Amino acid sequence: MKNKNIIVVSLLIILVVGLILWGKLGSARPADSAAIATGSTSATFADSIPAYDFGSVSMARGNVEHEFAITNTTEADFTVTKAETSCMCTNVVLRLPDGKEIGPFGMPGHGFAQAINAVIGAGEKLIARVIFDPAAHGPAGIGQIERAVMLATNKGPIMIQFRAKVTP
C-alpha cells in the first residue's frame, strides 16, 4: 500500500510539473510591434523567419555562413539584449545599423556572454551572420542537422533557424 501511494504521488508531481512547463512554452509568443525582413522573404514578429537550408555541407570544406537581415519596419525602436545559439557548432555575429560588429555569440555556458543592449531604430537593419562549423562534432556529426539562433529583445524573441546535411 505504501508503494502504491508513493507511485501515485510521484505521478501527480510529474503531471503538475509537465503542465507548468507546457504552459510556459505556450505563453512564449513572439512580440508583435516590429517586423523582420530576411533575404528575399519577410515576416513579422508574429510570424517565423523561414529556415535557411545550407544544403549539403562538407566537413572538409570548413565553416559556412549565411546573413539574415532583420529590419525594423515599425516606428518604435527595439533593443537586442542577448544572442545565443542552440549548439556549440554555431556562432552568430551581429552587425549593428552603424556598421559595428559584435560577437561572436554562441551556446550558453560555452565562453563569455558579451552584453549587447543594441537599439534598432525605426527603419534600421540588423544583420545576423550565422556561422556553422560542420566539423565541430567530428565523424559522429554526419547527417541532417537543424540549429537555431535566438535573439532576445525587449519586444520578444527573434528565432533564426537553419538546416544542413553534413557530409565527410
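Let's start at serine 58. Serine 58 sits in strand β3, residues 52-58. Strands here are DSSP runs of E, at least two residues long, while helices are runs of H or I of at least four, and both are numbered from the N terminus. A word on the source: this is a predicted model, where local features need pLDDT of at least 70 and side-chain atom pairs count only at pLDDT 80 or more, while totals for chains, interfaces and linings use all residues. Residues are numbered from 1 along each chain as its sequence is written, and side-chain values use heavy atoms, with hydrogens and water left out.

Back to serine 58. Is serine 58 buried or exposed? Serine 58 is buried, because its relative accessible area is 19%. The cut-offs: buried is under 20% relative accessible area, exposed is over 50%, and partly exposed is in between, with a 1.4 Å probe and protein chains only.

Now its side chain. A polar atom there lies 3.2 Å from the backbone nitrogen of alanine 60. The side chain of serine 58 also reaches the backbone oxygen of proline 168, at 3.0 Å. Leave aside neighbours within four places in sequence, and serine 58 is in contact with Pro134, Thr167 and Pro168. Contact means heavy atoms within 4.5 Å.

Next, the whole chain. It has one helix and 11 strands. Along the sequence, the pattern reads α-β-β-β-β-β-β-β-β-β-β-β. The chain has 168 residues, and 36% of them count as buried. Take contacts between residues at least 6 apart in sequence: 67% of those join residues at least 24 apart.

On to the core. The largest nonpolar core has 31 residues. Such a core is a set of buried Ala, Val, Leu, Ile, Met, Phe, Trp, Tyr and Cys residues, joined through side-chain atoms within 4.5 Å. Which residues touch the most other members? Leu94, Leu151 and Ile160 do. Strand β11, residues 158-167, gives this core its largest share, five residues.

Look at leucine 94. Leucine 94 is in strand β6, residues 90-95. With a relative accessible area of 0%, leucine 94 is buried. Leucine 126 is 32 residues away in sequence, yet the two C-alpha atoms are 7.0 Å apart in space. Beyond neighbours within four places, the contacts of leucine 94 include Val80, Phe105, Ile116 and Leu151. Leucine 151 has its own set, counted in the same way, among them Ile70, Leu126, Pro157 and Ile160.

Now charges. How many salt bridges are there? The count comes to six. The rule is a side-chain nitrogen of Lys or Arg within 4 Å of a carboxyl oxygen of Asp or Glu. One of them joins arginine 129 to glutamate 65, with the closest N and O atoms 3.4 Å apart. That pair links distant parts of the chain: arginine 129 is in strand β9, residues 125-132, and glutamate 65 is in strand β4, residues 64-71, 64 residues apart. Arginine 129 counts as buried at 17% relative accessibility. Glutamate 65 counts as partly exposed at 46%.

Glutamate 101 bridges to arginine 95 at 3.4 Å, N to O. Glutamate 101 also forms a salt bridge with arginine 129, at 3.2 Å between the closest N and O atoms. Glutamate 101 is in strand β7, residues 101-105, and arginine 129 is in strand β9, so this pair ties together parts 28 residues apart in sequence. Put together, Glu65, Glu67, Arg95, Glu101 and Arg129 form a salt-bridge network.

Last, the rings. The structure holds four aromatic pairs. Why is the pair of tyrosine 52 and phenylalanine 54 edge-to-face? Because their planes are at 85°, with the ring centres 4.9 Å apart. Rings of Phe, Tyr and Trp (its six-membered ring) pair if their centres lie within 6.5 Å; planes under 30 degrees apart are stacked, over 60 edge-to-face, and the rest tilted. Phenylalanine 54 also pairs edge-to-face with phenylalanine 162, 5.4 Å centre to centre and 85° between the planes. Phenylalanine 54 is in strand β3 and phenylalanine 162 in strand β11, 108 residues apart. Both phenylalanine 54 and phenylalanine 162 are buried. Ring pairs join Tyr52, Phe54, Phe68, Phe132 and Phe162 into a cluster.

Note on methods
Polar contact = N/O pair within 3.5 Å; in protein donor to acceptor, adjacent residues only side chain to side chain.
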